[in-house]
Amino acid sequence: TAILTGPEDKVNLTCSHTVSSYNMILWYQQSAQNTALKLIGYVRFTSPTVEDSFKGRFDVSGDAAANKMAYLHFPKVPEAEDSAVYFCAASEAQCFTIPSLLYKNPL
């Protein structure tokens with residue numbers, strides 16, 4: 001779905017799935033300037049995390065355990081650099097003793 005926003009528009013994206021064993025939903029950004037998928041953040045069960053490089057620009061929320069839904073919010077008015085393709089992905093929630101491993105290899 002393409003979304004065209006005006007100067008005062010608020011943007012919220014929704015992602016859902018039906019795989020009962022997947023308790024983690026991740027959000028990625030792919031811009032025209034850099035086609036690599038960048039991890040924005042994720043919801044693990046009901047706990048949201050936003051990567052440091054995206055803090056303040058995006059919020060994530062939702063319940064990836066019970067209702068299998070996650071939301072990507074643009075708390076500030078989107079800027080030109082926010083024009084991109086946004087992907088969500090679902091995964092089994094892995095348990096690591098080192099938190100940084102969780103988002104470096106989430107799938």
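Student: Happy to start here: are Asp52 and Lys55 buried or exposed?

Tutor: First, a word on the source: this is a predicted model, where local features need pLDDT of at least 70, side-chain atom pairs count only at pLDDT 80 or more, and totals for chains, interfaces and linings use all residues. Residues are numbered from 1 along each chain as its sequence is written, and side-chain values use heavy atoms, leaving out hydrogens and water. Buried means under 20% relative accessible area, exposed over 50%, and partly exposed in between (1.4 Å probe, protein chains only). By that scale, Asp52 and Lys55 are both exposed.

Student: Which residues are linked in a network of salt bridges?

Tutor: A salt bridge here is a side-chain nitrogen of Lys or Arg within 4 Å of a carboxyl oxygen of Asp or Glu. Arg57 meets Glu81 at 3.7 Å, N to O, and Arg57 also meets Asp82 at 2.8 Å, N to O. The network therefore consists of Arg57, Glu81 and Asp82.

Student: Why does Leu37 count as partly exposed?

Tutor: Leu37 belongs to a nonpolar surface patch with Val85 and Phe87. Such patches are made of residues with over 30% relative accessible area and no salt bridge, with like charges joined within 9 Å and nonpolar side chains (Val, Leu, Ile, Met, Phe, Trp, Tyr) within 5 Å. Leu37 counts as partly exposed because its relative accessibility is 48%.

How values were computed. Accessible areas come from the Shrake-Rupley method with a 1.4 Å probe; for residues, only the protein chains shown count as cover.
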